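Keep the picture at hand as you read.

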Amino acid sequence: MLKLTDVTVKFGLFEALSHINLEVGEGELVVLLGANGAGKSTIFNTISGLNRPSKGDIRFFGNSVRGHSPDKMVKAGVVQCAEGKKLFSDMSVEENLMMGGFVHRGKRQQLKQSLTEVYDLFPILKDKREDPAGSLSGGQQQMVAIGRALMAKPKLIMMDEPSMGLAPLIVEQMFSIIQEINKSGTTVLLAEQNANAALKIADRGYVVENGVIVLQGKSEELFNDDAIRKAYIGA
Ligand code: ATP
């Protein structure tokens, strides 16, 4: 479904990503592991069209999407759910969700249906639909961010650190919701520092260090890898 071949991204002279080869199959849940600053967000921003690779190619369903604008990528079905949520905090929960459906404006029936699906997934958001998004707890704001991305009806959803700053119990719920989103047919690319929780739900993973993919494999393989355990799981 998505294939990055030899993708290199530079910011001035600094090479933030070097020769990235990465693949996500339809229906998969794939995780990118890596410390702060490793390059996970840069990979996402490059796929979603915010960064332009200086080298390499990005294919989505076999077609090159290198250099496509972010809105073109959203229309193609690639939607990013940004780190730090980036909600419109003074706007209501429902207004924030509706912003995510912008590419489908005009299709009122579809938007209504998508909103129902988001509220089924996150019932608490229905109760709080008229509240300002900024008044919600961290976990609920994360739900709004994911719900907003789902409103675009993505084929591939990219989630950047969805567990960041959440209490352990909420993290567990968040990962089971991500798994549910994947099981209901949306392909998921997840960036996480919480390797333990992420590898439990992922099919495969890549480890990013200093802009380079240093390791890849099935989740069980990565989970049992000594170096991974030491660096990311702490056991
Ligand atoms: P984090 O979880 O902290 O976001 P990350 O793995 O997602 O970490 P990136 O944000 O992708 O890491 O950053 C990778 C490297 O690229 C870092 O050294 C960062 O400082 C640098 N970088 C990212 N964006 C830019 C930019 N727009 N201009 C210059 N350097 C950048």
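The largest pocket in this predicted model has a volume of about 760 Å³. It is lined by 27 residues, and those closest to its centre are Pro70, Val74, Val79, Gln80 and Arg148.

Next up is the second largest pocket, with about 260 Å³ of space. Its lining includes Ser114, Glu117, Leu150, Lys153 and Thr186. Helix H4 (108-121) and helix H7 (168-183) are the elements that give two or more residues here, and H4 has the largest share, with 4 residues. The lining splits into 5 nonpolar, 3 polar and 3 charged residues.

Now for the ligand. There are 13 residues around it, and the closest are Gly37, Gly39, Lys40, Ser41 and Thr42. Strand E2 (14-24) and helix H1 (40-47) each supply at least two residues of this shell, with H1 giving the most, 3 residues. Sorted by class, the shell has 5 nonpolar, 5 polar and 3 charged residues.

Here are some distances to oxygen atoms of the ligand:

| Residue | Atom of the residue | Distance |
|---|---|---|
| Gly37 | backbone N or O | 2.6 Å |
| Lys40 | backbone N or O | 2.8 Å |
| Thr42 | side-chain N or O | 2.5 Å |

On its own the ligand has 620 Å² of accessible area, and the protein covers 61% of that.

Methods
Residues are numbered from 1 along each chain as its sequence is written. This is a predicted model: local features need pLDDT of at least 70, side-chain atom pairs count only at pLDDT 80 or more; totals for chains, interfaces and linings use all residues. Side-chain values use heavy atoms; hydrogens and water are left out. A residue is near a molecule or strand if one of its heavy atoms lies within 4 Å of it. A polar contact is a pair of N or O atoms within 3.5 Å; within protein, one must be able to donate a hydrogen and the other to accept it, and residues adjacent in sequence count only if both atoms are side-chain atoms. Accessible areas come from the Shrake-Rupley method with a 1.4 Å probe; for residues, only the protein chains shown count as cover. Ala, Val, Leu, Ile, Met, Phe, Trp, Tyr, Cys and Pro count as nonpolar, Asp, Glu, Lys and Arg as charged, and the others, Gly among them, as polar. On a 1 Å grid over the protein atoms alone, a cavity is a set of points where a 1.4 Å probe fits but cannot get out, and a pocket is an open set with protein on both sides within 12 Å along at least five of seven lines; lining residues have an atom within 4 Å of a point. Grid points are joined across faces, edges and corners, and a volume is the space filled by probe spheres set on the points.
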